[in-house]
Amino acid sequence: MDRAVGASGRVCRRCLLEELGEGDYLESVRRYRARLPEKERTPDDVYEARLAACKDCAELVNATCNLCGCYVEIRAARRSSACPAVPAHWGAVR
Ligand code: SF4
């Protein structure tokens, strides 16, 4: 099995950027999310719920979703984004 290795050199299944020690990149992700217009930004509680679902998902490897190739912390930031799994692991945003 081919396994991804993050910039930190760690292979980490079910880890987010925050846990991989990707400090600079994580900070840029946080800035990206903070700069999204409020109507486009996923509310905090929903964002956290999305990331919790990703952490429980077998498709998460090195903070990346195997199904779409996105860093999940970026994908989850936009209200309009959806989990690519069928059925989706994220609920609808209210
Ligand atoms: S399939 Fe959905 S829940 Fe799983 S890692 Fe990808 S975005 Fe997250």
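Predicted model: local features only at pLDDT ≥ 70, side-chain atom pairs only at ≥ 80, totals over all residues.
**Exercise 1. Determine how many helices and strands the protein chain has, and in which order they follow along the sequence.**

Step 1. The chain contains four helices and two strands.
Step 2. Read along the sequence, these elements give the pattern α-α-α-β-β-α.
Step 3. Contacts between residues at least 6 apart in sequence can then be examined: 52% of them join residues at least 24 apart.

**Exercise 2. Describe the shell around the ligand by residue, by helix and by class.**

Step 1. The ligand is surrounded by 13 residues, and the closest are Cys 54, Cys 57, Cys 65, Cys 83 and His 89.
Step 2. At least two residues of the shell come from helix H3 (44-55), and at least two from helix H4 (72-75).
Step 3. Sorted by class, the shell comprises 10 nonpolar residues, one polar residue and two charged residues.

**Exercise 3. Identify the residues of the largest nonpolar core, and state what share of the chain is buried.**

Step 1. Of the 94 residues in the protein chain, 21% are buried.
Step 2. The largest nonpolar core has 11 residues: Cys 15, Leu 16, Leu 17, Leu 51, Cys 54, Leu 60, Ala 63, Cys 65, Val 72, Ala 76 and Ala 77.
Step 3. Cys 54 and Cys 65 belong to this core and are also among the residues closest to the ligand.
Step 4. For the core member Ala 77, the contacts beyond four places away in sequence are Tyr 32, Arg 33, Leu 36, Arg 41, Thr 42 and Tyr 47.

**Exercise 4. Locate Asn 62 and Ala 63, give the phi of each, and explain why each counts as buried.**

Step 1. Most residues other than glycine have a negative phi.
Step 2. Asn 62, in contrast, has a positive phi near 50°, and Ala 63 has a positive phi of about 70°.
Step 3. Asn 62 lies in the loop between strand S1 (60-61) and strand S2 (64-65); Ala 63 is likewise placed in the loop between S1 and S2.
Step 4. The cut-off for a buried residue is 20 or more other C-beta atoms within 10 Å. Asn 62 counts as buried because it has 22 C-beta neighbours inside 10 Å. Ala 63 counts as buried because it has 26.

**Exercise 5. State which residues the cis peptide bond at Pro 87 joins, and where Pro 87 is placed.**

Step 1. Most peptide bonds are trans.
Step 2. The bond joining Val 86 and Pro 87 is cis, with omega about 0°.
Step 3. Pro 87 is found in the segment after H4.

Methods:
Residues numbered from 1 in each chain as written. Near = placed C-beta within 6 Å. Nonpolar A, V, L, I, M, F, W, Y, C, P; charged D, E, K, R; others polar. Core = buried A, V, L, I, M, F, W, Y, C linked by C-beta atoms within 7 Å. Buried ≥ 20, exposed ≤ 12 C-beta atoms within 10 Å, placed from the backbone. Contact = placed C-beta atoms within 7 Å.
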